[in-house]
Amino acid sequence: MRIHKQLGKETVNTFSRKVKILAERMRGIDFSTVIQPEEIGFDPEKITHSSPSGNKYLTNLLDDLDVTERDSILDIGSGKGSAIQTMLKYPFSKVDGVELSNYLAVVATQNFKKLNMERTQIFNCDATSFKNFGNYNIFYLYNPFPYEIMVKVINSIYISVKDPNKEIRLIYNNPVCHDAIINQGF
C-alpha cells in the first residue's frame, strides 16, 4: 500500500524559498534571506524586518504600468535589493534605492556589482532626510517603517515634487500605514 502526502502551499513556498537562497549563495549574492532588525542593531519596535519583495506580484504590477525610459523609480527601504532586481528588467531611466542600514546597503551594492547591474544606485541614508525625491516619478515601499516615519517620508515626497503637472505614482506593498499616505494627499 502506498501513501501519498499532499504538500501544502506553505510547505512548497518554504521549499522554493530555500532553493532560491541556496542558488543565490552559489552565485555569491543574497537577495532572499530575511534579516531581523536586531541582527543589524535596530530596535524592532521602530524598524521592520528586511525581506524580499521582488516577486511575481511586483512583476505583474510593473507590467501593467507601461514603464518607459522617461520613468524613474525609487525603492524606499530597499533592503538587499530584491525589488530593484525585478525593476531593472524594465526600461526605467533610474532604478535606485534608499536604505537606512549600512549592512543592507552594502549587501545590495555588492549584489548588483556581482551581477554587473550598473543602472542602479543605493543611497545609504535615512529616508526622512533624503533630498532627491524630485528625481523620481514612481516610488516603491514595502512597508518599510512605522506610521510616524511614513508621514514624514510621504510629506517629503509631496514637497520635493514641485511640478504640478508631474504625475507621481506610489506603489505601497503591504500597506500597513495606508492612512498616512491618503492623509498626505495621495
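Predicted model: local features only at pLDDT ≥ 70, side-chain atom pairs only at ≥ 80, totals over all residues.
Trainee: Where is N143 found, and is N143 buried or exposed?

Mentor: The relative accessible area of N143 is 11%, and because buried means under 20%, N143 counts as buried.

Trainee: Which side chain makes a polar contact with the side chain of N143?

Mentor: When neighbours within four places in sequence are left aside, N143 is in contact with T48, Y172, N173, N174 and V176. N143 also has a positive phi of about 40°, although it is not a glycine. The polar contact between side chains, at 3.2 Å, joins N143 to Y172.

Trainee: What is the phi of N174, which is in contact with N143?

Mentor: N174 is found in the loop between β5 (169-173) and α6 (178-183), and with a relative accessibility of 38% N174 counts as partly exposed. N174 is a residue other than glycine with a positive phi, and the value is near 60°.

Trainee: Which residue caps the N-terminal end of helix α2?

Mentor: Helix α2 covers residues 56-64, and D66, which follows α2, has a positive phi near 55°. At the N-terminal end, a side-chain oxygen lies 3.0 Å from the backbone nitrogen of Y57, and the residue that provides this cap is N55.

Trainee: Which side chain makes a polar contact with the side chain of D30?

Mentor: D30 lies in the loop between α1 (9-27) and α2, and, not counting residues up to four places away in sequence, D30 touches E24, K80, V107 and N111. A polar atom of the D30 side chain lies 3.4 Å from the backbone nitrogen of S32. The contact from side chain to side chain, at 2.8 Å, is made with T33.

Trainee: How many residues apart in sequence are S160 and F133, and how far apart are they in space?

Mentor: S160 lies in helix α5, where its side chain reaches the backbone oxygen of S156 at 2.8 Å, and at 24% relative accessibility S160 counts as partly exposed. Leaving aside neighbours within four places in sequence, S160 is in contact with F133 and G134. S160 and F133 are 27 residues apart in sequence, while their C-alpha atoms are separated in space by 5.8 Å.

Trainee: Is I122 buried or exposed?

Mentor: I122 is found in strand β3 (residues 122-124), and, apart from neighbours within four places in sequence, I122 is in contact with S78, I84, G97, E99, A105, A108, T109 and F112. I122 and D75 are 47 residues apart in sequence and 9.2 Å apart in space, C-alpha to C-alpha. At a relative accessibility of 15%, I122 counts as buried.

Trainee: How many disulfides does the count come to?

Mentor: A disulfide needs a pair of cysteine sulfur atoms within 2.5 Å. The sulfur of C125 has its closest cysteine sulfur in C177, and because that distance is 19 Å, it is too far for a bond. C177 is likewise in no disulfide, as the nearest cysteine sulfur is that of C125. By this rule the number of disulfides is 0.

Trainee: What does C177 count as, buried or exposed?

Mentor: The cut-off for buried is under 20% relative accessible area. The relative accessibility of C177 is 5%, so C177 counts as buried.

Note on methods
Residues numbered from 1 in each chain as written. Heavy atoms only, no water. Buried < 20%, exposed > 50% of the residue type's maximum accessible area, 1.4 Å probe, protein only. Helix = DSSP H or I, 4+ residues; strand = E, 2+ residues; numbered from the N terminus. Contact = heavy atoms within 4.5 Å. Polar contact = N/O pair within 3.5 Å; in protein donor to acceptor, adjacent residues only side chain to side chain.
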